[in-house]
Amino acid sequence: MRRGNRSNEPITNILVSNFSEDRPLTESQIQGLFYYLTDHYALKKYLEKICFKKGCSPVGKAASAEYIIPDRIVYIYRESMAQETRTRERNCTLREKRYRKVFINEVIIQILIHEIIHGKHIKTLFESDNYDLEYEVLRGAYYYNFISNVFKLPYLDRYYGTRIEEYYGNRLRKLKKQAVSLDSYLYGSWKDDPSEINAEYESFKEIIYLNEYINPRLNKNWKTLLYSKTKERYTQKQDRIVSPFERYNKHRNKIVTLDRFYLKNYDIFNLPLDKRLSYGLPISITEYKEMEEYIMSLHL
């Protein structure tokens, strides 16, 4: 979804059309965008349909949408979505009603893209054989889904170099119990979950890139929101910055004792700053202090 890429057209056409007609997104339009994006990113194996449900999600009003991986469904919770759009609208500095309405439309599209990015995560886990740091971060965040292999795909044999039953032997039963425990923990503590941080960060960036050539007046709002969301995840502690990934990984290693992950095995700071921010990975004090300038300068 970049300038000059035809994948922009359905999203930009809807945003421009609804702005000119001064109307909100319809569920039919949201559904159309979902099917377009899943086709564009070849995600139909992992995302089959979108459903709209009354009320709030099982985790409350904080979750407007949810991707149920085994069922290949994205649920949009109407009440949660309405609450989220009202909350976000208060952050819109533009007074014109039509621009505020298009801002709300963009919020809904950003939430949809967030769920699509989760589908891209699953595709990477199940299809890639590049077991780099990013892969390992995603593997940990989706550990239950990775181990359970509900789609019966060959990625586990490829990753372990043998059948997982042979790799873990009589420890496999205990590992699966640990995977269930981690899944339960992440469901209730999703704010430090690197997959959630990445989906939020990248979906915000997509709206920022779209706005560069259709609604540039709204980008100050989007960049300010992205900066505040990103900064609040990091904590300054004396002479260092504690990242959300460190908090998450501390709990992960306590739960999944048979497959711990150690950041020290990777040269984290070789990754670009943007990639580290997108997963909540460690950053330096200097990068922390310059985060606002960096995010406000994001552009195509």
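Me: Quick one to start: is Thr230 buried or exposed?
Reply: Thr230 counts as buried, because its relative accessibility is 2%, where buried means under 20% relative accessible area, exposed means over 50% and partly exposed lies in between, with a 1.4 Å probe and protein chains only. Keep in mind that this is a predicted model, in which local features need pLDDT of at least 70 and side-chain atom pairs count only at pLDDT 80 or more, while totals for chains, interfaces and linings use all residues. Residues are numbered from 1 along each chain as its sequence is written, and side-chain values use heavy atoms, with hydrogens and water left out.

Me: Ok, and where does Thr230 lie?
Reply: Thr230 lies in helix H11, residues 219-231; helices (H or I, at least four residues) and strands (E, at least two) are DSSP runs numbered from the N terminus.

Me: What is Thr230 in contact with?
Reply: Leaving aside neighbours within four places in sequence, Thr230 is in contact with Tyr201, Leu277, Met291 and Ile295, contact being heavy atoms within 4.5 Å. The side chain of Thr230 also reaches the backbone oxygen of Leu226, at 2.7 Å.

Me: Switching to H12, how many residues has it?
Reply: Helix H12 has 12 residues, 244-255, and reaches 17 Å from its first C-alpha to its last, close to the 16 Å expected at 1.5 Å a residue; the expected span is 1.5 Å times one less than the number of residues.

Me: Which residues of H12 are buried?
Reply: In H12 the buried ones are Pro244, Phe245, Tyr248, Asn249, Arg252 and Asn253. They cover an arc of only 150° around the axis, so they sit on the same side of H12, the arc being that of the directions from the helix axis to the C-beta atoms.

Me: Why would residues a few places apart point the same way?
Reply: An α-helix has 3.6 residues a turn, so residues three or four places apart point the same way.

Me: And what covers the buried residues of H12?
Reply: The cover includes helices H5, H6, H9, H10 and H13, along with strand E5 (240-242). On the face turned away from the buried side, H12 carries the exposed residues Lys250 and Lys254.

Me: What about aromatic pairs, how many does the structure hold?
Reply: The structure holds 22 aromatic pairs; rings of Phe, Tyr and Trp (its six-membered ring) pair if their centres lie within 6.5 Å, and planes under 30 degrees apart count as stacked, over 60 as edge-to-face and the rest as tilted. One of them is Tyr159 with Tyr160, an edge-to-face pair at 5.0 Å centre to centre with 85° between the planes, and both of these residues are buried. Phe245 and Phe261 also form an edge-to-face pair, at 5.9 Å centre to centre and 80° between the planes. Phe245 lies in helix H12 and Phe261 in the loop between H12 and H13, so this pair ties together parts that are 16 residues apart in sequence.

Me: Back to Tyr160, what else is it in contact with?
Reply: Apart from neighbours within four places in sequence, Tyr160 is in contact with Arg139, Tyr143, Phe146, Ile147, Tyr167, Tyr168 and Asp259.

Definitions and conventions:
A polar contact is a pair of N or O atoms within 3.5 Å; within protein, one must be able to donate a hydrogen and the other to accept it, and residues adjacent in sequence count only if both atoms are side-chain atoms.
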